[in-house]
Amino acid sequence: MFKFIIPSLIGILLFMTPVKFNDEITIPIAILSNLLGDFLGDSIPFIMTIIIAITALATVMTKIIKPAFTQGENFLNTLLNVSLFWTIVRIIAVILATMTLFQFGPEVIWGETTGSVILFELLPVLLTIFLFAGLFLPLLLNFGLLELCGALLTKVMRPLFKLPGRSSIDALASWLGDGTIGVLLSSKQYEDGFYTKRETAVVATTFSIVSITFCLVVISHVGLGNMFIPFYLTITVAGFVAAIIMPRIPPLSRKADTYYNDAENPEQELIPSGYSPLSWGYRLALKRASGNKSARKFFGEGGRNVLDMWMGVAPIVMTFGTIALILAEKTELFVYLGMPFIPLLELLQIPFAKEASAAIIVGFADMFLPALLASEIPSELTRFVIAAVSVTQLVYLSEVGGVILGSKVPVSLWEMFIIYILRTLITLPVIALIAHVFIF
């Protein structure tokens with residue numbers, strides 16, 4: 001019983017308990033991440049470049065030399081023996097990171113609005129958040145909390161979102177903490193055989209919302225910081241509507257309901273006769289907790305989580321994030337992609353529809369770019385709508401999208417773009433309606 005209760009309570013405290021720190025509402029994992037980031041300071045980009053370089057070198061060696069320790073069904077083989085495409089992506093990441101770190105070559109690659117954003121702003125956050133999130137993730141996964149929530153909340157999550165009850169923990173960890181934590185949690189649940197391909201894709205692309213702190217940054221940047229409460233209520237309503245609709249339409253609805261490596265489902269959601277959801281969930285939780293007999297195993301799994309995210313995700317984020325920002329900052333690609341939204345924005349009576357259309361679509365590259373473009377638009381209504389839509393779009397290549405591509409979540413780059421567009425089309429009318437009727 002104590003094996004279930006104590007680690008689970010610590011996990012809830014670390015990942016899902018909002019606390020006030022430095023005048024901001026955050027979670028303890030994020031506080032630990034920020035403290036470590038402050039301690040390491042300017043050395044983090046150098047550390048990340050080394051990690052990316054070691055990853056690429058080890059991957060190439062695995063493909064060419066095939067050392068014995070990377071052969072067979074083991075962690076290192078899964079991490080390093082990747083396809084030719086991902087090998088090339090890792091090599092490109094080394095080149096981009098090195099050019100950005102030492103600022104040589106074309107400035108378009110390492111400039112303040114392109115490669116430097118990824119290496120000096122995003123990757124330092126991922127280094128520290130992945131360390132603590134990965135290390136302590138077994139507290140949520142392995143001690144029965146998910147089993148208890150699965151039994152208690154299946155009757156809520158299944159009808160609403162077509163998801164198992166245990167996904168409620170993913171949703172809360174993402175909402176209260178950070179979207180990357182939600183993706184990491186979802187990916188591990190998929191690998192451990194608790195989510196199907198469809199369920200994993202739905203959770204990762206539907207609930208991996210940015211933190212409350214970042215929402216405050218976005219609304220403040222567009223000059224509407226005094227409207228944070230109606231802003232956050234608006235994105236909550238819009239996000240809830242999207243979470244109901246997205247699992248029921250392609251591409252998410254067409255994902256196979258099969259498990260990782262075609263394994264059998266280890267958990268039955270049906271409550272046996274003679275049990276209530278609480279008593280059955282408690283029984284499953286105790287059974288799960290009783291299997292944890294070693295601190296070494298706990299920290300070993302946590303360490304593998306950290307390496308998986310550092311070496312598997314960081315190169316993907318460096319490559320795709322930098323390329324996306326170059327396209328957004330140095331080309332007219334997103335301006336042209338945003339043009340089809342102009343008639344919809346005009347129909348919704350959003351002023352400065354042309355400027356707003358570019359701001360809406362550019363968020364696929366980076367979550368903060370819409371706020372940057374919107375800050376120059378005179379209309380408060382338009383700035384509010386763009387800021388709210390940018391938060392509900394979720395799958396930004398420079399952060400959550402890059403993490404999804406680097407994880408085991410079964411969502412391709414093309415599918416991610418389709419999901420981004422669909423989320424925009426669903427949430428934009430909801431946000432515009434609320435803004436017109438209740439706020440402006």
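**Close-up views of a predicted model**

**View 1. Lys162 in the loop between H9 and H10.** Lys162 counts as partly exposed because its relative accessibility is 34%, in a model that is predicted. The residue sits in the loop that runs between H9 and helix H10 (167–176). Most residues other than glycine have a negative phi.

**View 2. Leu394 in the loop between H21 and H22.** Leu394, which is not a glycine, has a positive phi of about 70 degrees. This residue belongs to the loop between helix H21 (380–392) and helix H22 (400–406). With 2% relative accessibility, Leu394 counts as buried, the cut-off being under 20%.

**View 3. Helix H15 and its buried residues.** Helix H15 covers residues 277–290; at 1.5 Å a residue its 14 residues should span 20 Å, and the end C-alpha atoms are 20 Å apart, in agreement. Buried residues in H15 are Trp280, Gly281, Leu284, Ala285 and Ala289. Seen down the axis of H15, these buried residues fall within an arc of 165 degrees, so they line one face of the helix. An α-helix has 3.6 residues a turn, so residues three or four places apart point the same way. Helix H1 (2–16) and helix H9 (145–161) are among the elements that cover the buried residues of H15.

**View 4. Salt bridges of Arg198.** The side chains of Arg198 and Glu199 form a salt bridge, at 3.8 Å from N to O. Both Arg198 and Glu199 are buried. Arg198 also meets Asp257 in a salt bridge, at 3.1 Å from N to O. Asp257 lies in the loop between helix H14 (228–245) and H15, and Arg198 in helix H12 (residues 197–206), so this pair ties together parts that are 59 residues apart in sequence. Arg198 has a relative accessible area of 7%, whereas Asp257 is partly exposed at 46% relative accessibility.

**View 5. Lys255 and Glu415.** A salt bridge links Glu415 and Lys255, with the closest N and O atoms 2.8 Å apart. Glu415 is in helix H23 (residues 413–439) and Lys255 in the loop between H14 and H15, so the pair ties together parts that are 160 residues apart in sequence. Lys255 is buried, its relative accessible area being 15%. The whole structure holds seven salt bridges.

**View 6. The peptide bond between Pro250 and Pro251.** Pro250 and Pro251 are joined by a cis peptide bond, with omega about 5 degrees. Pro251 is placed in the loop between H14 and H15. Most peptide bonds are trans.

How values were computed:
Residues are numbered from 1 along each chain as its sequence is written. This is a predicted model: local features need pLDDT of at least 70, side-chain atom pairs count only at pLDDT 80 or more; totals for chains, interfaces and linings use all residues. Side-chain values use heavy atoms; hydrogens and water are left out. Helices (H or I, at least four residues) and strands (E, at least two) are DSSP runs, numbered from the N terminus. The expected span of a helix is 1.5 Å times one less than its number of residues. Buried means under 20% relative accessible area, exposed over 50%, partly exposed in between (1.4 Å probe, protein chains only). The arc is that of the directions from the helix axis to the C-beta atoms. Contact means heavy atoms within 4.5 Å. A salt bridge is a side-chain nitrogen of Lys or Arg within 4 Å of a carboxyl oxygen of Asp or Glu.
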